[in-house]
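Let's take a walk through this model together. Have the sequence and the 3D view open, and follow along one region at a time.

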Amino acid sequence: MIVMILSNIVVALLIILMLWYAVHTIRKQRKEDGCGSCKKNSAHSCPSSGCKGCSYSNKCH
Amino acid sequence: MQTIALIGNPNCGKTTLFNELTGITAYVGNWPGVTVEKKEGMWNNIKVLDLPGVYSLSPYSPEEKLSRRYILDEQPDLIVDVIDATNLERSLYLTSQLAELGRSVLLVLNMQDLLEREGIVIDTKRLSLMTGCPVVSISASKGIGLESFKKEVEHALKENKAPACPLFSNYVENLLTTIIEDDYLHLIPSGRPQRWAAIKLLEEDELFLSSMPPIPEAFAEFLHQAKTNLRLHFEDDPEAIIIDQRYKVAEHIAKHCQTKKFQKKRFNFDTIATSRFGAIPLFIAIMGAVFYLSIGLVGGYTTGILENFFAYLGSNLSILLDSLGVFPLLSGILIDGIIAGVGSVLTFVPQLFVLFLLLSILEDCGYMARIAFIMDRLMRTIGLSGKSIIPMVIGTGCSVPAIMSSRTIEHQKQRELTVLVTPFIPCGAKMPVFALMLTYFFPGKWYIAPLIYVLGILAVIITGLLARAIDKHKEKNAFILELPRYQLPSAKNVYLQTRERTLGFVAKAGTIILLSSVIIYLLSSYNFTLQSVDSDDSMLAIFGKFISPVFIPLGFGFWQASVALLTGIAAKESIVSTLSVTMGTQALSSFFDPASALSYMTFILLSSPCIAAISAMAKEFGNRKKLLYALIWQTGFAYLTALLIRMLAMLIL
Ligand SMILES: Nc1nc2c(ncn2[C@@H]2O[C@H](COP(=O)(O)OP(=O)(O)OP(=O)(O)O)[C@@H](O)[C@H]2O)c(=O)[nH]1
Ligand SMILES: [Mg+2]
């Protein structure tokens, strides 16, 4: 019984971990590809300042 | 903080130097026009800028405008003019324009490692005297001469000395002097020399004129008279005269500073690679070899092994989890969702690695640019630019950077057409689908893979011809594609590029593919009342059956195929994982037959690309309506072609 509960929990945690990782990475990439990564740095200027966001969108700054 | 800007002709090694200085790994490729955006980096507390390559400061294409605008408006403290030392004269043309800007210029003779082999000797002292700029010799890719480069930069930043202006013939010089005397010249923006402005007025440079207040009538009359005189004197129009004067200056300096030893004619691979009859067969042979090695040889070996490995992993894990009493829902997500989906995509990593490796070697050694050269005429006749081939070469990896690189094309219509057709070239993400279908329906027939490229190129040609028939635009830019030199591929470039592409592929398997596999698994295992059902009665099946009738003529009118196409919008690899989750790759042959497999591959090849590429297209079009038309065209064309291919295949097979 305990083994069953434990193994269910382990598998569920594993799946949740993987899903969390996937979502997290996708969100991070989305940010890098968008303006998220360069908004903070006001010294930058568009169209491109070396940050990925600017090369995809001219309107970051 | 001080700023230095790297500027120079395309393919002279600016980005290589930039990477060497800043430790950034920006894309370096052996062809002109690689860099299309400006890039910033830091080096010893100095801001370094990498700019797109330009032949002159009279720009035509957007990225040339970017370089010019930057040099003029943002006024770097030092202009670092990178020169391909094996091409001194041509580079000095740009130098003569930079010198007129009145800011300090440092001449960097790059590629000095090649000089000896080419039998060229350059007198740098003399060059420095004649141009009034400090000169330093380096080799960016070998890392030679960077110490003295550093010293010269520091020295030049401290001195801040303007170079000597190139002198034109007396007639032109006199004219410039009288123009400069006019009051109108006081109106030019600060920091721009009057001599430069006077030349621009003679050239009727549009960018310059639009930034100036209207010219008073008397002065306009005077200018008009001056230009007429020029025309009479030189029998040419003023713009061409100025160009010619500059070339004379460049020629003069080059003649006095460089000696070329006579070289024995060595065997040149280009006599075959770009010859009229040998070129295309050689290209096909090389691409055939690339696919034979990657998909045929390596793929044939590894696909089976990896497939068995994931099947083994899945079945053993399933037995283990069952015996432990794990809920079917959980073990289903893990095994039939994640392992089946992600595994089916990872199966193709080894062959794609080999494919990416070979393609980047071909790219870096200079062969890909030859293909561009061969294609140049063809491209022009179908209304594209010779430069259109470069996005297509990059597109063999991923359409997103490829679409962005179309920016080097001057002509707007050609540029938009290029953006429209670039996704027809199969990208790395579409490869797994093709490899999967080839494995199951055409085992051993690896030569179908290069044919997919041929089909993609045909689609490009047909679209180009149609666009030209609808809209007859005249192409007038006299762009001469320049052949980069052959070189041993640099291990660093090849490594970086192959690694980036392969890791990108693996990363996608771990993110988008994983997510979509789980979602697809859940949707295909439950019905709308959340009861576990056979996949044919699942939510996904019901939904898929709405769309699937559309595809009955193409031979894949079952819901699994339609759903897979939809998930392909997120990422093309997920077509493979979706098929694997919903039907299992082993069962493919009970759904598809060779003819419908071919039509499925065709549809995937030609229909709208993934969402990332669509948004790149949207950006380059800058217009929703155009984007919509482009997507409709791609998908409609894909549908018709797939239909045709299926009919042909049914006749032949
Ligand atoms: N032999 C030799 N090759 C070099 C040297 N520097 C750069 N290269 C090669 O020249 C090619 C072009 O380099 P890039 O740095 O991309 O040139 P770029 O000036 O940035 O080109 P664009 O971005 O197109 O304007 C690459 O294949 C480099 O490996 C050098 O010093 N010696
Ligand atoms: Mg570059």
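How close do the axes of helix α14 and helix α25 of chain B come, and at what angle do they cross? Before the answer, some ground rules: this is a predicted model, in which local features need pLDDT of at least 70, side-chain atom pairs count only at pLDDT 80 or more, and totals for chains, interfaces and linings use all residues. Residues are numbered from 1 along each chain as its sequence is written, chains are lettered from A and ligands numbered from 1 in the order in which they are written, and side-chain values use heavy atoms, leaving out hydrogens and water.

Now the helices. The axes of α14 (residues 328–346) and α25 (residues 574–582) of chain B come within 8 Å and cross at roughly 140 degrees. Axes are lines fitted to C-alpha atoms, for helices over the stretch in contact, with angles from 0 to 180 degrees between N-to-C directions.

Chain B has an open sheet of six strands in the order β2-β3-β1-β4-β5-β7, with mixed pairing. Its edge strands, each pairing on one side only, are β2 (39–43) and β7 (135–137). From one strand to the next, the twist averages 25 degrees. Two strands pair if DSSP finds at least two bridges between them.

Zoom in on β1 (residues 2–8) of chain B, which pairs in the parallel sense with β3 (residues 46–50) over five bridges. Bridge partners here include B:Gln2 with B:Ile46 and B:Thr3 with B:Lys47. β1(B) also pairs with β4 (residues 78–84) of chain B, again parallel over five bridges, and B:Ile4 stands opposite B:Leu78. Six of the seven residues of β1(B) are buried, so the rest of the structure largely encloses the strand. Buried means under 20% relative accessible area, exposed over 50% and partly exposed in between (1.4 Å probe, protein chains only).

Finally, the aromatics. Over all chains there are 17 aromatic pairs, where rings of Phe, Tyr and Trp (its six-membered ring) pair if their centres lie within 6.5 Å, and planes under 30 degrees apart count as stacked, over 60 as edge-to-face and the rest as tilted. B:Phe551 and B:Phe603 have ring centres 5.3 Å apart and planes at 75 degrees, so they sit edge-to-face. B:Phe551 is in the loop between α23 (539–547) and α24 (559–567) and B:Phe603 in α27 (residues 594–606) of chain B, so the pair ties together parts 52 residues apart in sequence. Both are buried.

B:Phe556 and B:Tyr600 are edge-to-face too, because their planes are at 70 degrees, with centres 4.7 Å apart. Both belong to a cluster linked by ring pairs, including B:Phe441 and B:Tyr639.

Note on methods:
Helices (H or I, at least four residues) and strands (E, at least two) are DSSP runs, numbered from the N terminus.
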